[in-house]
Amino acid sequence: MVKIFKVYPPDVVALSGVDLSLERGEIHSVVGENGAGKSTLMRILYGMVKPSAGFIFLDGKKVNINTPSKAMELGIGMVHQEFMLVPSFTVYENVILGQERTVAGFINKAEVKVQVQKIIDAYGFDIDSNAQVSQLSVAAQQKVEIVKQLYRKIELLILDEPTAVLTPQESDELFERILELKRRGKTIVFISHKLDEVLKISDRITVLRKGEKIATVQSKNITASELAKMMVGKSVTFQIDKKPYNPKEEVLLIKNLHLRSKRTSKALLDDVEISVRAGEIVGIAGVEGNGQYELVQAIVGTIKPDKGKILVNNVDVTTMSIRDRRRLICYVPQDRKYAALALKASILENLIMTHHLKRDFQKGLFSINWKKARQSASEMTKRFEIVHRNLEEQPQVLSGGNQQKVVVAREFSLGHNLILLDQPTRGLDIASTEYIHKLIILMRDSLKAILLISADLDELMELSDRLYVMRNGRIVVHLVPTEVDVHTVGKYMLGAVD
Amino acid sequence: MSSVFIKMQRNSPLEVYKALYDYGLGSWYSFSSSLNAATPLILTGVSAAIAFASGVVNLGQHGQLLMGAIVTAILGVYLDTWRWVGIPLLAVTGGVAGALWAGIVAAMRRFYRMDEFISTLMMNFVAEYFTIYLVTYPFLDKKAYVPATKLIKRLYFMPDINGLSVAFLVALVVAAFCHWYMRTTKRGYEFRMMGYNVNFAKIGGCSIESNVTLVLLYTGFLSGLAGSLLILGGTQHRFMKGIGANFGWDGVMIAIIANNSVIETILYALFFGILKNGGIGMEFETSVPSEFIVFLQAVIVLTVVATRSAIEFYGQRIKSLVKLRKVVTKG
């Protein structure tokens with residue numbers, strides 16, 4: 001790929017003049033912060049996005065990849081972060097979908113199954129071609145995606161953040177499969193922002209920053225901190241200072257919480273007991289989809305548990321409306337677009353949500369005191385360093401980091417004792433993540449009770465004072481992060497130990 | 001573009017536009033009639049704009065207007081009180097009738113989770129035929145040529161100032177109130193946030209269900225008031241079959257062109273009032289039928305909406321190309 005430019009309308013420069021060369025049979029990593037252009041570059045290579053300028057050469061010939069099917073024809077495959085599988089289909093059905101070889105319109109199932117199983121065995125993937133995809137774990141589904149690409153006879157495989165959803169053990173397993181692919185002469189492009197992984201697996205590494213290529217280096221000649229420096233443009237400290245652990249009174253107490261799925265009657269929450277005290281950060285680890293989401297929803301009040309009690313500040317909130325609970329709980333939801341922000345309203349209107357329920361934001365019987373609202377909104381933007389032009393601007397023009405700062409500013413200024421954080425740094429660049437981590441610590445040190453749910457184990461290990469691990473809706477173990485290592489936590493997440 | 005069509009029908013576009021202008025704006029008389037014509041449009045438009053801006057798909061303006069009109073028309077015949085008590089009382093009752101009609105939908109949504117999109121739409125038909133039944137049988141004025149109720153008492157006719165009906169002023173004041181309400185009050189803020197992102201509002205602590213009910217009642221009231229003012233302020237002072245005309249749907253259309261902003265809705269309603277009134281004059285002067293106005297409206301709607309998105313689309317496109325050039329030459 002030579003001199004690739006991409007400008008998204010209206011004027012977002014995603015890539016400016018990026019060169020990338022891939023050699024046959026190598027594992028090449030592309031690293032960079034969120035928004036550095038990794039995904040855009042890969043989407044261009046896979047034909048999903050049209051470059052604004054630039055050329056792509058394959059085996060010395062100039063090619064024009066304008067659709068994913070063209071890319072497939074050329075032997076380029078991609079495994080996306082979100083899997084593109086039909087959950088109700090079996091493994092082999094998913095693999096052949098779109099590439100069915102038919103005789104008079106019929107698929108020879110027996111033959112196809114054998115073919116698919118052959119690929120699975122050849123590369124050492126441990127999955128059953130007859131299993132239904134919805135029954136498989138995330139890691140297994142990812143393998144199905146890779147097999148799907150191999151069935152299409154690809155030579156170049158792009159893996160977009162494949163380890164983001166995996167536990168450490170599963171990642172190790174994935175790396176072995178990737179190395180197997182390499183041994184068989186396939187070329188792999190590996191996208192990630194976890195630097196130790198990148199260093200472990202790749203032959204060469206290309207670093208992108210703000211849409212520009214910084215360098216391509218041999219992975220054996222470089223260290224993690226040098227890479228990080230290249231990515232961010234300045235040296236990063238991974239050190240966080242906390243006051244000594246000295247928790248006070250209990251703020252959140254969850255007792256005996258049960259919830260069954262209405263459709264499948266599977267237990268989503270099974271006898272969950274959690275307590276969080278003032279001045280501590282309690283983390284919840286677990287493979288995604290093991291009840292963390294339901295737990296958060298039950299605390300906020302968007303779903304009703306079947307059984308159990310939730311107490312905040314010793315007040316039973318189990319039957320309270322969301323409105324009443326929000327007078328006690330600060331809450332940062334996991335999805336900015338879905339629930340945390342109204343992207344097309346103004347920043348002002350976004351900042352005063354929930355605050356508007358407070359008496360001192362009201363004027364007369366019905367009105368909002370807009371003067372007061374404006375004043376406190378601009379205080380929030382100053383205190384939380386939100387980069388913006390004016391309060392009338394829409395959050396959708398802000399960067400992801402600044403959007404999240406708007407959410408965090410709003411919630412942290414509510415001043416309630418309990419702070420509920422659901423994936424507070426997902427999808428943020430390193431600088432914003434660091435900033436938000438600092439704020440979380442600050443809140444802990446000012447004696448707030450913090451419940452932190454995250455898919456990022458490193459984040460949990462770094463921030464939490466105590467850690468619960470959830471699996472299948474149950475709290476399986478209660479750990480202290482300073483006394484265990486990441487791998488032990490990973491084992492609990494997977495259910496390898498009890 | 002509409003000139004082309006006028007030409008095709010062998011009429012002079014210039015003459016047509018002149019007639020439109022003369023009868024729509026040209027004199028105080030035509031101007032005030034235009035404002036009178038805009039009165040129901042302002043209210044149904046604001047009703048739709050508020051509903052849409054709150055993320056509530058109330059398409060029942062037509063039915064709510066009819067219910068408001070019929071209640072006012074019937075009460076206006078029988079109610080016996082002083083003039084200055086009667087007129088506001090009738091207007092408010094009409095509004096309440098519209099609100100209750102929308103309230104049925106609100107109840108169905110609240111208790112049976114029925115989508116207001118379909119139920120408001122269906123309630124239009126119910127209202128249409130229910131009112132026709134009422135004017136054809138129980139409340140028929142035997143002396144009238146078409147199915148209609150009796151004239152309401154003369155003392156309840158809304159006064160006018162030099163031809164400009166007080167009904168217009170009422171509509172304007174109510175619309176101004178709506179603007180203030182949506183912009184300043186706590187409920188108005190919650191309504192708008194619901195329209196932007198209902199999950200955001202829900203998590204933020206707004207009670208979605210009661211707000212939706214309120215929006216339906218509120219916008220139902222506005223449409224009902226529109227019907228009420230048609231009876232009190234219009235020219236017929238009785239409920240005749242077809243009185244609702246297209247006011248409900250025009251209101252929805254105006255709200256869409258105005259991007260659900262209350263102020264813009266008022267302005268577009270005035271503009272459409274001028275077109276409507278001018279269209280009648282145009283029919284006198286030229287051989288172009290007043291139906292042509294409907295066509296003209298459609299052209300305007302399409303043009304405004306298309307231009308808006310085209311400007312945005314191509315504007316961004318050009319911006320991105322300029323930026324690309326800058327980036328490429330820099331490197």
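What share of the contacts in chain A with a separation of 6 or more is accounted for by residues 24 or more positions apart? In this predicted model, such pairs account for 69% of those contacts in chain A.

Chain A contains 17 helices and 24 strands. Its radius of gyration is 25 Å, close to the 23 Å that the globule rule gives for 498 residues, so chain A is as compact as a globular protein of that length. The C-alpha trace of chain A spans about 70 × 50 × 45 Å along its principal axes, and 42% of the 498 residues of the chain are buried. The domain assignment divides chain A into domain 1 (2–232) and domain 2 (250–494), and the centres of these two domains of chain A, taken over C-alpha atoms, are separated by 33 Å. The contact between them takes 9 residues from domain 1 of chain A and 13 residues from domain 2 of chain A; on the domain 1 side, the contributing residues comprise 4 nonpolar, 4 polar and 1 charged.

Within chain A, helix 5 (residues 138–151) has 14 residues and reaches 20 Å from its first C-alpha to its last, close to the 20 Å expected at 1.5 Å a residue. This helix of chain A is mostly covered, with 11 of its 14 residues buried, and among the buried positions are A139(A), V144(A), I146(A), V147(A) and L150(A), together with the charged residues K143(A), E145(A) and K148(A). The buried residues of helix 5 of chain A pack against strand 6 (76–79), helix 3 (91–96), helix 4 (109–122), strand 9 (156–160) and helix 6 (168–183) of chain A. Helix 5 of chain A is followed by K153(A), which has a positive phi, near 55°.

Chain B, in turn, has a secondary structure of 13 helices and 2 strands. The radius of gyration of chain B is 22 Å, close to the 20 Å given by the globule rule for 331 residues, so chain B is as compact as a globular protein of that length. The C-alpha atoms of chain B fill a box of roughly 85 × 60 × 35 Å along the principal axes, and buried residues make up 49% of the 331 residues in this chain.

The two chains meet at an interface in which 35 residues of chain A are in contact with 24 residues of chain B. On the side of chain A that touches chain B, at least two residues each are supplied by strand 1 (2–8), strand 2 (12–18), helix 10 (322–325), helix 11 (336–340) and strand 20 (367–368) of chain A. By class, the residues on this side of chain A divide into 22 nonpolar, 8 polar and 5 charged.

The largest nonpolar core has 165 residues, of which L420(A), I450(A), M193(B) and F200(B) touch the most other members. Helix 3 (residues 28–53) of chain B provides the largest share of this core, 13 residues. When neighbours within four places in sequence are left aside, I450(A) is in contact with I281(A), V282(A), I419(A), L421(A), I440(A), M443(A) and R444(A). A second, separate core of 56 residues includes I4(A), L41(A), L156(A) and I178(A).

Note on methods: Residues are numbered from 1 along each chain as its sequence is written. Chains are lettered from A and ligands numbered from 1 in the order in which they are written. This is a predicted model: local features need pLDDT of at least 70, side-chain atom pairs count only at pLDDT 80 or more; totals for chains, interfaces and linings use all residues. Two residues are in contact if their C-beta atoms, placed from the backbone, lie within 7 Å. Helices (H or I, at least four residues) and strands (E, at least two) are DSSP runs, numbered from the N terminus. The radius of gyration is taken over C-alpha atoms; the globule rule is 2.2 Å times the number of residues to the power 0.38. A residue is buried if 20 or more other C-beta atoms lie within 10 Å of its own, exposed if 12 or fewer, and partly exposed in between; C-beta atoms are placed from the backbone. Domain bounds come from an automatic or database domain assignment. A nonpolar core is a set of buried Ala, Val, Leu, Ile, Met, Phe, Trp, Tyr and Cys residues joined through C-beta atoms within 7 Å. The expected span of a helix is 1.5 Å times one less than its number of residues.
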